Amino acid sequence: EMSSSSGPDYGEIDYWEGRYQGKKGEFFEWFLGYKTLQPLISQCAQKSDPIVNIGCGNSPLGEDIHKDGYTEVINIDFSPSVVDWLISTIGDRVGLKYLVMDARKLDFEDNSIQLAIDKGTTDAVLCGENYEQNVDQICSEVSRVLKSNGVYMVITYSDPESRLPYFDKPKYGWQIETTKVPLENDPKIH
């Protein structure tokens, strides 16, 4: 989990800016797409509920959620390059937004979001410097913006035992549930 100089620094913006500047024009789905996540998303949010996709990257997840009839899908990433590319590729659609935003300082009103989706973002943050502080800032912000019945859906490659200590803290006021989701057998998923 700790940052290592031997591999990519997934927790830092410079890594992502370099990656996205070199891969413009390509959607990339890390490990789970909307087809697999749809049943979970539909349990957590109504079609009219505000949903934020934290660390959206160049995944088509947000667009796919919107195509399924969800009317307020906000995709955020701290990389201006990927957000600019998504806006130019997907265009302006009512109910689908792409914003440059750092998950450690969410620009949303308190109690305004029904579902916050973190698909691999925590995994990436845990590879960077100050990872414990950064994950705590993200969780504190998500806790602040979630509605009282809101859901923070964290999709991770790791075992729950290695991630729960970051999320299961009284200050967030969350009830924790874990669900094992099978990886998709889809050649478009990397």
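Predicted model: local features only at pLDDT ≥ 70, side-chain atom pairs only at ≥ 80, totals over all residues.
Buried means under 20% relative accessible area, exposed over 50% and partly exposed in between, using a 1.4 Å probe and protein chains only. Residues are numbered from 1 along each chain as its sequence is written, and side-chain values use heavy atoms, leaving out hydrogens and water.

**View 1. Strand E2, residues 73-77, is mostly covered.** Helices (H or I, at least four residues) and strands (E, at least two) are DSSP runs, numbered from the N terminus. Five of the five residues in E2 are buried. Val73, Asn75 and Asp77 point one way, while Ile74 and Ile76 point the other.

**View 2. E2 has a parallel partner in E1 (residues 51-54).** Strands pair if DSSP finds at least two bridges between them; E1 and E2 have four. Look for Ile51, whose bridge partner in E2 is Val73.

**View 3. E2 also pairs with E3 (residues 96-100), again in the parallel sense.** Five bridges join these two strands, and Ile76 sits opposite Leu99 of E3.

**View 4. Glu29 lies in the loop between helices H1 (13-22) and H2 (34-44).** Glu29 is buried, because its relative accessible area is 6%. Its side chain makes polar contacts (N or O pairs within 3.5 Å; within protein, one atom must be able to donate a hydrogen and the other to accept it, and residues adjacent in sequence count only if both atoms are side-chain atoms) with the side chains of Ser59 at 2.9 Å and Lys119 at 2.2 Å.
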